[in-house]
Amino acid sequence: MTGRAPDSLKAALIAGDRVRPLSSPARRAIWIAPAAAAVMATVLAWWGLRADHTAVGPGRLWLASLLQVALAVMLARFTLSESIPGQHPSLRSHLVVAIAAVLFVVLVTEATFAVSRTFVPAAWAPRFFWICFTRPIVLGLPVLILLGVMLRHGLLSRPALAGALAGLAAGLASDAAWRLYCHVSDPSHVLAAHVGAILSLSATGMLAGYFLRNGSTS
Amino acid sequence: MTDTSDAADAELRALMGGYQAGDVEAFDALYSRTLPMVRGYLSALTVDRSATHDLVQEVYLQMHRARRTYDPARPVRPWIAGITRHVWLMAVRSYRRRRSPEVAALDESIDLAVIPDLDGFADRDALARALALTPDDQREALVLHHVYGFTFREVAHTAGCSEGAARIRASRGMAELRRQLTGGRT
(Lines give C-alpha, C1' and ligand atoms only; values in the text may rest on other atoms or scores of the structure.)
Protein backbone atom coordinates (compact mmCIF):
# COMPACT_ATOMS: atom_id res chain seq x y z
CA MET A 1 0.00 0.00 0.00
CA THR A 2 1.44 3.38 -0.93
CA GLY A 3 1.42 6.53 1.15
CA ARG A 4 -1.29 8.10 -0.99
CA ALA A 5 -4.95 7.29 -0.69
CA PRO A 6 -6.11 4.79 -3.35
CA ASP A 7 -8.10 6.34 -6.18
CA SER A 8 -11.03 4.04 -5.43
CA LEU A 9 -11.15 5.44 -1.92
CA LYS A 10 -10.81 9.03 -3.06
CA ALA A 11 -13.57 8.46 -5.61
CA ALA A 12 -15.86 7.51 -2.76
CA LEU A 13 -15.13 10.82 -1.07
CA ILE A 14 -16.82 13.84 -2.48
CA ALA A 15 -14.57 16.77 -3.28
CA GLY A 16 -15.54 20.14 -1.89
CA ASP A 17 -17.96 18.59 0.59
CA ARG A 18 -17.45 20.99 3.49
CA VAL A 19 -18.75 19.96 6.88
CA ARG A 20 -19.09 21.92 10.08
CA PRO A 21 -17.70 20.12 13.12
CA LEU A 22 -20.31 19.07 15.65
CA SER A 23 -20.46 21.01 18.88
CA SER A 24 -19.03 19.27 21.91
CA PRO A 25 -21.23 16.68 23.67
CA ALA A 26 -21.53 19.03 26.66
CA ARG A 27 -22.85 21.84 24.49
CA ARG A 28 -25.28 19.64 22.57
CA ALA A 29 -26.55 18.04 25.78
CA ILE A 30 -27.81 21.47 26.86
CA TRP A 31 -30.62 20.98 24.31
CA ILE A 32 -32.18 18.54 26.75
CA ALA A 33 -32.93 21.44 29.11
CA PRO A 34 -35.41 23.26 26.81
CA ALA A 35 -36.91 19.90 25.83
CA ALA A 36 -37.42 19.10 29.52
CA ALA A 37 -38.86 22.59 30.07
CA ALA A 38 -41.32 21.95 27.24
CA VAL A 39 -42.39 18.68 28.87
CA MET A 40 -42.84 20.51 32.19
CA ALA A 41 -44.91 23.22 30.53
CA THR A 42 -47.06 20.54 28.88
CA VAL A 43 -47.68 18.76 32.19
CA LEU A 44 -48.52 21.99 34.02
CA ALA A 45 -50.75 23.27 31.24
CA TRP A 46 -52.56 19.97 30.67
CA TRP A 47 -52.81 18.49 34.15
CA GLY A 48 -51.82 21.33 36.50
CA LEU A 49 -49.65 21.51 39.61
CA ARG A 50 -49.86 18.76 42.23
CA ALA A 51 -52.50 19.28 44.88
CA ASP A 52 -50.05 19.17 47.79
CA HIS A 53 -47.54 21.67 46.37
CA THR A 54 -47.70 23.97 49.38
CA ALA A 55 -46.96 21.09 51.77
CA VAL A 56 -44.09 19.86 49.62
CA GLY A 57 -42.55 23.34 49.35
CA PRO A 58 -40.54 24.94 46.55
CA GLY A 59 -37.26 23.23 47.48
CA ARG A 60 -38.57 19.68 47.30
CA LEU A 61 -40.81 20.48 44.35
CA TRP A 62 -39.17 22.92 41.94
CA LEU A 63 -35.55 22.69 43.00
CA ALA A 64 -35.64 18.89 43.06
CA SER A 65 -37.14 18.81 39.56
CA LEU A 66 -34.57 21.30 38.28
CA LEU A 67 -31.75 19.23 39.77
CA GLN A 68 -33.23 16.15 38.13
CA VAL A 69 -33.21 17.94 34.78
CA ALA A 70 -29.58 18.93 35.40
CA LEU A 71 -28.83 15.26 36.03
CA ALA A 72 -30.60 14.37 32.78
CA VAL A 73 -28.42 16.91 30.93
CA MET A 74 -25.32 15.38 32.51
CA LEU A 75 -26.43 11.91 31.45
CA ALA A 76 -27.11 13.22 27.95
CA ARG A 77 -23.58 14.58 27.83
CA PHE A 78 -22.20 11.13 28.72
CA THR A 79 -24.51 9.58 26.15
CA LEU A 80 -23.38 11.91 23.38
CA SER A 81 -19.72 11.27 24.21
CA GLU A 82 -20.44 7.65 23.25
CA SER A 83 -20.99 8.82 19.68
CA ILE A 84 -17.65 10.61 19.38
CA PRO A 85 -14.67 8.41 18.43
CA GLY A 86 -11.87 8.61 20.95
CA GLN A 87 -14.04 10.14 23.68
CA HIS A 88 -15.76 7.04 25.04
CA PRO A 89 -16.35 7.22 28.78
CA SER A 90 -15.60 4.03 30.70
CA LEU A 91 -18.37 1.57 31.47
CA ARG A 92 -17.78 2.23 35.15
CA SER A 93 -18.39 5.95 34.82
CA HIS A 94 -21.58 5.23 32.85
CA LEU A 95 -22.71 2.90 35.60
CA VAL A 96 -21.90 5.39 38.37
CA VAL A 97 -23.86 8.19 36.67
CA ALA A 98 -26.82 5.87 35.94
CA ILE A 99 -26.99 4.59 39.52
CA ALA A 100 -26.62 8.14 40.87
CA ALA A 101 -29.54 9.22 38.69
CA VAL A 102 -31.85 6.48 40.00
CA LEU A 103 -30.69 7.07 43.58
CA PHE A 104 -31.50 10.75 43.19
CA VAL A 105 -35.09 9.90 42.26
CA VAL A 106 -35.34 7.61 45.29
CA LEU A 107 -33.89 10.33 47.53
CA VAL A 108 -36.33 12.94 46.24
CA THR A 109 -39.17 10.47 46.76
CA GLU A 110 -38.19 9.95 50.39
CA ALA A 111 -37.72 13.69 50.94
CA THR A 112 -41.17 14.41 49.49
CA PHE A 113 -42.80 11.60 51.46
CA ALA A 114 -41.31 13.02 54.66
CA VAL A 115 -43.26 16.28 54.34
CA SER A 116 -46.40 15.17 52.48
CA ARG A 117 -47.62 11.61 53.00
CA THR A 118 -50.14 10.82 50.31
CA PHE A 119 -51.25 7.30 49.46
CA VAL A 120 -53.30 5.70 46.74
CA PRO A 121 -56.50 3.95 47.91
CA ALA A 122 -56.00 0.22 47.34
CA ALA A 123 -58.88 0.01 44.89
CA TRP A 124 -57.33 2.73 42.74
CA ALA A 125 -53.76 1.52 42.87
CA PRO A 126 -53.71 -0.27 39.48
CA ARG A 127 -55.27 2.74 37.74
CA PHE A 128 -52.83 5.18 39.38
CA PHE A 129 -49.97 2.88 38.50
CA TRP A 130 -51.05 2.71 34.88
CA ILE A 131 -51.41 6.48 34.56
CA CYS A 132 -48.08 7.27 36.23
CA PHE A 133 -46.32 4.55 34.29
CA THR A 134 -47.54 5.26 30.78
CA ARG A 135 -47.79 9.06 30.71
CA PRO A 136 -44.14 9.74 31.67
CA ILE A 137 -43.11 7.24 29.00
CA VAL A 138 -45.16 9.07 26.38
CA LEU A 139 -43.84 12.43 27.60
CA GLY A 140 -40.26 11.16 27.55
CA LEU A 141 -40.39 9.74 24.03
CA PRO A 142 -39.82 13.11 22.29
CA VAL A 143 -36.75 13.69 24.48
CA LEU A 144 -35.51 10.21 23.63
CA ILE A 145 -36.07 10.86 19.93
CA LEU A 146 -34.20 14.18 20.20
CA LEU A 147 -31.24 12.40 21.79
CA GLY A 148 -31.49 9.64 19.20
CA VAL A 149 -31.25 12.17 16.39
CA MET A 150 -28.20 13.75 18.01
CA LEU A 151 -26.61 10.32 18.48
CA ARG A 152 -27.14 9.48 14.81
CA HIS A 153 -24.89 12.40 13.87
CA GLY A 154 -22.02 10.51 15.46
CA LEU A 155 -20.47 7.08 15.27
CA LEU A 156 -21.83 4.55 17.73
CA SER A 157 -19.69 1.61 18.67
CA ARG A 158 -21.94 0.66 21.57
CA PRO A 159 -25.42 1.59 20.30
CA ALA A 160 -27.36 -0.41 22.88
CA LEU A 161 -25.44 1.22 25.73
CA ALA A 162 -25.88 4.68 24.22
CA GLY A 163 -29.60 3.99 23.72
CA ALA A 164 -30.02 2.84 27.31
CA LEU A 165 -28.34 5.99 28.60
CA ALA A 166 -30.38 8.17 26.29
CA GLY A 167 -33.55 6.49 27.57
CA LEU A 168 -32.46 7.03 31.14
CA ALA A 169 -31.83 10.73 30.47
CA ALA A 170 -35.22 11.05 28.75
CA GLY A 171 -36.88 9.22 31.66
CA LEU A 172 -35.30 11.53 34.21
CA ALA A 173 -36.42 14.59 32.26
CA SER A 174 -40.01 13.36 31.89
CA ASP A 175 -40.23 12.25 35.53
CA ALA A 176 -38.93 15.66 36.65
CA ALA A 177 -42.01 17.08 34.93
CA TRP A 178 -44.50 14.39 35.95
CA ARG A 179 -43.72 14.69 39.65
CA LEU A 180 -44.89 18.31 39.44
CA TYR A 181 -48.37 16.89 38.81
CA CYS A 182 -48.53 13.52 40.58
CA HIS A 183 -49.33 14.17 44.21
CA VAL A 184 -48.87 10.57 45.36
CA SER A 185 -45.70 10.44 47.43
CA ASP A 186 -46.09 6.84 48.65
CA PRO A 187 -42.66 5.33 47.83
CA SER A 188 -44.19 2.06 46.64
CA HIS A 189 -46.19 3.97 44.01
CA VAL A 190 -43.28 6.20 42.98
CA LEU A 191 -40.76 3.39 42.78
CA ALA A 192 -43.08 1.08 40.84
CA ALA A 193 -44.70 3.55 38.45
CA HIS A 194 -42.31 6.51 38.15
CA VAL A 195 -39.00 4.66 38.39
CA GLY A 196 -40.57 1.87 36.34
CA ALA A 197 -41.31 4.40 33.60
CA ILE A 198 -37.74 5.72 33.72
CA LEU A 199 -36.31 2.21 33.43
CA SER A 200 -38.77 1.33 30.67
CA LEU A 201 -37.62 4.33 28.65
CA SER A 202 -34.06 3.18 29.21
CA ALA A 203 -34.98 -0.30 27.97
CA THR A 204 -36.75 1.25 24.97
CA GLY A 205 -33.62 3.24 24.15
CA MET A 206 -31.46 0.17 24.51
CA LEU A 207 -33.65 -1.87 22.17
CA ALA A 208 -33.84 0.99 19.67
CA GLY A 209 -30.05 1.29 19.73
CA TYR A 210 -29.65 -2.43 19.26
CA PHE A 211 -32.07 -2.75 16.35
CA LEU A 212 -31.26 0.53 14.62
CA ARG A 213 -27.49 0.21 14.70
CA ASN A 214 -27.34 -1.06 11.17
CA GLY A 215 -29.22 1.97 9.95
CA SER A 216 -27.00 4.50 11.71
CA THR A 217 -24.10 6.38 10.13
CA SER A 218 -21.95 3.59 11.48
CA MET B 1 3.61 14.91 24.89
CA THR B 2 6.99 15.87 23.49
CA ASP B 3 7.63 18.91 21.29
CA THR B 4 7.93 16.59 18.29
CA SER B 5 4.60 14.92 18.88
CA ASP B 6 3.02 18.31 19.63
CA ALA B 7 4.23 19.57 16.27
CA ALA B 8 3.01 16.40 14.55
CA ASP B 9 -0.37 16.76 16.22
CA ALA B 10 -0.61 20.43 15.20
CA GLU B 11 0.09 19.39 11.62
CA LEU B 12 -2.55 16.66 11.77
CA ARG B 13 -5.07 19.12 13.20
CA ALA B 14 -4.39 21.55 10.37
CA LEU B 15 -4.86 18.75 7.83
CA MET B 16 -8.04 17.63 9.55
CA GLY B 17 -9.33 21.21 9.45
CA GLY B 18 -8.63 21.30 5.71
CA TYR B 19 -10.35 17.96 5.26
CA GLN B 20 -13.44 19.13 7.09
CA ALA B 21 -13.42 22.18 4.82
CA GLY B 22 -13.62 19.86 1.80
CA ASP B 23 -9.98 19.78 0.73
CA VAL B 24 -9.23 16.38 -0.83
CA GLU B 25 -5.50 17.12 -0.86
CA ALA B 26 -5.66 17.51 2.90
CA PHE B 27 -7.29 14.09 3.07
CA ASP B 28 -4.49 12.66 0.96
CA ALA B 29 -1.86 14.04 3.31
CA LEU B 30 -3.83 12.93 6.35
CA TYR B 31 -4.12 9.46 4.86
CA SER B 32 -0.40 9.11 4.29
CA ARG B 33 0.46 10.34 7.79
CA THR B 34 -2.06 8.20 9.65
CA LEU B 35 -2.01 5.01 7.57
CA PRO B 36 0.87 3.38 9.50
CA MET B 37 -0.96 3.91 12.79
CA VAL B 38 -4.29 2.68 11.41
CA ARG B 39 -2.68 -0.44 9.95
CA GLY B 40 -0.65 -1.07 13.07
CA TYR B 41 -3.58 -0.61 15.43
CA LEU B 42 -5.86 -2.78 13.26
CA SER B 43 -3.15 -5.38 13.14
CA ALA B 44 -2.90 -5.32 16.93
CA LEU B 45 -6.67 -5.70 17.21
CA THR B 46 -7.21 -8.41 14.62
CA VAL B 47 -3.84 -10.18 14.54
CA ASP B 48 -4.95 -11.27 11.08
CA ARG B 49 -3.05 -9.66 8.25
CA SER B 50 -5.70 -10.29 5.58
CA ALA B 51 -8.40 -8.79 7.81
CA THR B 52 -6.22 -5.76 8.46
CA HIS B 53 -5.89 -5.01 4.78
CA ASP B 54 -9.62 -5.44 4.27
CA LEU B 55 -10.48 -3.07 7.06
CA VAL B 56 -8.06 -0.22 6.34
CA GLN B 57 -10.18 1.18 3.53
CA GLU B 58 -13.31 0.84 5.64
CA VAL B 59 -11.64 2.93 8.36
CA TYR B 60 -11.12 5.81 5.95
CA LEU B 61 -14.64 5.53 4.57
CA GLN B 62 -16.03 5.67 8.11
CA MET B 63 -13.68 8.55 8.84
CA HIS B 64 -15.18 10.41 5.92
CA ARG B 65 -18.74 9.72 7.10
CA ALA B 66 -17.92 10.71 10.66
CA ARG B 67 -15.63 13.66 9.90
CA ARG B 68 -18.12 16.05 11.52
CA THR B 69 -17.50 14.37 14.86
CA TYR B 70 -13.88 15.51 14.98
CA ASP B 71 -13.48 18.36 17.45
CA PRO B 72 -10.67 20.70 16.24
CA ALA B 73 -9.75 21.40 19.85
CA ARG B 74 -8.72 17.78 20.40
CA PRO B 75 -5.83 15.67 19.11
CA VAL B 76 -6.48 13.80 15.85
CA ARG B 77 -4.90 10.41 16.50
CA PRO B 78 -7.19 9.27 19.35
CA TRP B 79 -10.17 10.21 17.15
CA ILE B 80 -8.83 8.10 14.30
CA ALA B 81 -7.99 5.29 16.70
CA GLY B 82 -11.59 5.45 17.93
CA ILE B 83 -12.87 5.04 14.37
CA THR B 84 -10.42 2.22 13.75
CA ARG B 85 -11.68 0.43 16.83
CA HIS B 86 -15.26 1.01 15.72
CA VAL B 87 -14.59 -0.56 12.32
CA TRP B 88 -12.93 -3.53 13.99
CA LEU B 89 -15.90 -3.98 16.34
CA MET B 90 -18.34 -3.83 13.43
CA ALA B 91 -16.31 -6.42 11.55
CA VAL B 92 -16.24 -8.71 14.56
CA ARG B 93 -20.00 -8.36 14.97
CA SER B 94 -20.68 -8.85 11.28
CA TYR B 95 -18.56 -11.88 10.66
CA ARG B 96 -18.58 -13.28 14.18
CA ARG B 97 -14.91 -13.88 13.74
CA ARG B 98 -12.78 -14.94 16.62
CA ARG B 99 -9.06 -14.53 16.92
CA SER B 100 -7.16 -17.77 16.57
CA PRO B 101 -3.50 -17.77 17.58
CA GLU B 102 -2.49 -20.05 14.72
CA VAL B 103 -3.27 -17.35 12.15
CA ALA B 104 -1.47 -14.74 14.19
CA ALA B 105 0.82 -12.66 12.05
CA LEU B 106 1.14 -9.04 13.04
CA ASP B 107 1.34 -6.52 10.30
CA GLU B 108 4.80 -5.21 9.57
CA SER B 109 3.63 -1.66 10.19
CA ILE B 110 3.85 -2.04 13.95
CA ASP B 111 7.30 -0.83 14.86
CA LEU B 112 7.95 -2.94 17.93
CA ALA B 113 11.49 -1.65 18.15
CA VAL B 114 10.16 1.55 19.70
CA ILE B 115 9.15 -0.27 22.89
CA PRO B 116 12.08 0.65 25.14
CA ASP B 117 11.56 -2.17 27.65
CA LEU B 118 12.10 -4.72 24.93
CA ASP B 119 15.54 -3.58 23.81
CA GLY B 120 17.72 -6.57 23.10
CA PHE B 121 14.84 -9.04 23.08
CA ALA B 122 14.72 -11.57 20.28
CA ASP B 123 14.16 -10.69 16.66
CA ARG B 124 11.25 -8.85 15.14
CA ASP B 125 9.31 -11.98 14.20
CA ALA B 126 9.62 -13.38 17.69
CA LEU B 127 8.36 -10.07 19.10
CA ALA B 128 5.42 -10.08 16.69
CA ARG B 129 4.49 -13.65 17.62
CA ALA B 130 4.74 -12.87 21.33
CA LEU B 131 2.60 -9.77 20.92
CA ALA B 132 0.01 -11.76 18.99
CA LEU B 133 -0.28 -14.14 21.93
CA THR B 134 -0.97 -11.44 24.52
CA PRO B 135 -4.68 -11.00 25.43
CA ASP B 136 -6.58 -8.67 23.07
CA ASP B 137 -7.29 -5.85 25.52
CA GLN B 138 -3.72 -5.85 26.85
CA ARG B 139 -2.23 -5.88 23.36
CA GLU B 140 -4.44 -2.97 22.34
CA ALA B 141 -3.39 -0.82 25.31
CA LEU B 142 0.24 -1.81 24.95
CA VAL B 143 0.41 -0.94 21.26
CA LEU B 144 -1.47 2.37 21.62
CA HIS B 145 0.64 3.50 24.55
CA HIS B 146 4.08 2.10 23.88
CA VAL B 147 4.15 2.09 20.08
CA TYR B 148 2.00 5.09 19.18
CA GLY B 149 2.64 7.20 22.26
CA PHE B 150 -0.98 7.66 23.36
CA THR B 151 -1.41 8.87 26.91
CA PHE B 152 -3.30 6.48 29.18
CA ARG B 153 -6.20 8.91 29.13
CA GLU B 154 -6.30 8.71 25.33
CA VAL B 155 -6.06 4.91 25.46
CA ALA B 156 -8.96 4.87 27.93
CA HIS B 157 -11.15 7.10 25.76
CA THR B 158 -10.39 4.98 22.71
CA ALA B 159 -11.07 1.64 24.36
CA GLY B 160 -13.98 2.87 26.50
CA CYS B 161 -12.36 1.93 29.80
CA SER B 162 -11.08 3.88 32.79
CA GLU B 163 -7.61 5.42 32.79
CA GLY B 164 -6.55 3.06 35.56
CA ALA B 165 -7.75 0.06 33.57
CA ALA B 166 -5.80 1.27 30.53
CA ARG B 167 -2.66 1.60 32.65
CA ILE B 168 -3.11 -1.89 34.10
CA ARG B 169 -3.81 -3.44 30.69
CA ALA B 170 -0.65 -1.94 29.20
CA SER B 171 1.40 -2.98 32.21
CA ARG B 172 0.05 -6.55 32.20
CA GLY B 173 0.48 -6.69 28.43
CA MET B 174 4.12 -5.72 28.81
CA ALA B 175 4.61 -8.34 31.53
CA GLU B 176 2.93 -10.97 29.34
CA LEU B 177 5.04 -9.96 26.35
CA ARG B 178 8.17 -10.28 28.41
CA ARG B 179 7.00 -13.65 29.73
CA GLN B 180 6.37 -14.88 26.19
CA LEU B 181 9.78 -13.72 25.04
CA THR B 182 11.65 -15.28 27.92
CA GLY B 183 9.60 -18.46 27.90
CA GLY B 184 8.40 -17.77 31.42
CA ARG B 185 11.83 -16.93 32.84
CA THR B 186 11.46 -13.46 34.37
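**Helix crossing, interface and cavity**

Colleague: In this predicted model, are H6(B) and H8(B) roughly parallel or roughly perpendicular to each other?

Modeller: Helix H6 of chain B runs over residues 136-147 and helix H8 of chain B over residues 163-182. Their axes come within 7 Å and cross at roughly 100°. Angles of 65 to 115 degrees count as roughly perpendicular. The two helices, H6(B) and H8(B), are therefore roughly perpendicular.

Colleague: Which residues of H6(B) meet H8(B)?

Modeller: On the H8(B) side, the residues met are B:Ala166, B:Arg169, B:Ala170, B:Arg172, B:Gly173, B:Met174, B:Glu176 and B:Leu177. By class, this contact has six nonpolar, three polar and four charged residues. The residues that H6(B) brings are B:Asp137, B:Gln138, B:Ala141, B:Leu142 and B:His146.

Colleague: How many helices does chain A have?

Modeller: Read along its sequence, chain A follows the pattern α-α-α-α-α-α-α-α. Its C-alpha atoms fill a box of roughly 75 × 30 × 30 Å along the principal axes. Chain A has zero strands, and its number of helices is eight.

Colleague: What area do chain B and chain A bury between them?

Modeller: The size of an interface is often given as the accessible area lost when the parts come together. Here the contact takes 40 residues from chain B and 39 residues from chain A. Of the buried area, 58% is on carbon and sulfur atoms, and the area itself is about 3,400 Å².

Colleague: Which three residues supply more than any other three of the area that chain B buries against chain A?

Modeller: The answer is a trio on the chain B side, which supplies 18% of the area that chain B buries against chain A. The three residues are B:Asp28, B:Arg68 and B:Thr69.

Colleague: What is the volume of the largest cavity?

Modeller: A cavity is a place where a 1.4 Å probe fits but cannot get out. Counting cavities of 30 Å³ or more gives three. The largest cavity has a volume of about 120 Å³.

Colleague: Which helix gives the most to the lining of the largest cavity?

Modeller: The lining has 13 residues, and those nearest the centre are A:Arg50, A:Thr109, A:Thr112, A:Arg179 and A:Val190. By class, the lining has five nonpolar, five polar and three charged residues. Helix H5 (91-115) and helix H8 (187-212) of chain A each supply at least two of the lining residues. With four residues, the helix that gives the most is H5(A).

Technical notes. Residues are numbered from 1 along each chain as its sequence is written. Chains are lettered from A and ligands numbered from 1 in the order in which they are written. This is a predicted model: local features need pLDDT of at least 70, side-chain atom pairs count only at pLDDT 80 or more; totals for chains, interfaces and linings use all residues. Side-chain values use heavy atoms; hydrogens and water are left out. On a 1 Å grid over the protein atoms alone, a cavity is a set of points where a 1.4 Å probe fits but cannot get out, and a pocket is an open set with protein on both sides within 12 Å along at least five of seven lines; lining residues have an atom within 4 Å of a point. Grid points are joined across faces, edges and corners, and a volume is the space filled by probe spheres set on the points. Ala, Val, Leu, Ile, Met, Phe, Trp, Tyr, Cys and Pro count as nonpolar, Asp, Glu, Lys and Arg as charged, and the others, Gly among them, as polar. Axes are lines fitted to C-alpha atoms, for helices over the stretch in contact, and angles run from 0 to 180 degrees between N-to-C directions. Angles under 35 degrees count as roughly parallel, over 145 as roughly antiparallel, 65 to 115 as roughly perpendicular and the rest as oblique. Contact means heavy atoms within 4.5 Å. Buried area is the accessible area (1.4 Å probe) that two parts lose on being put together, summed over both.
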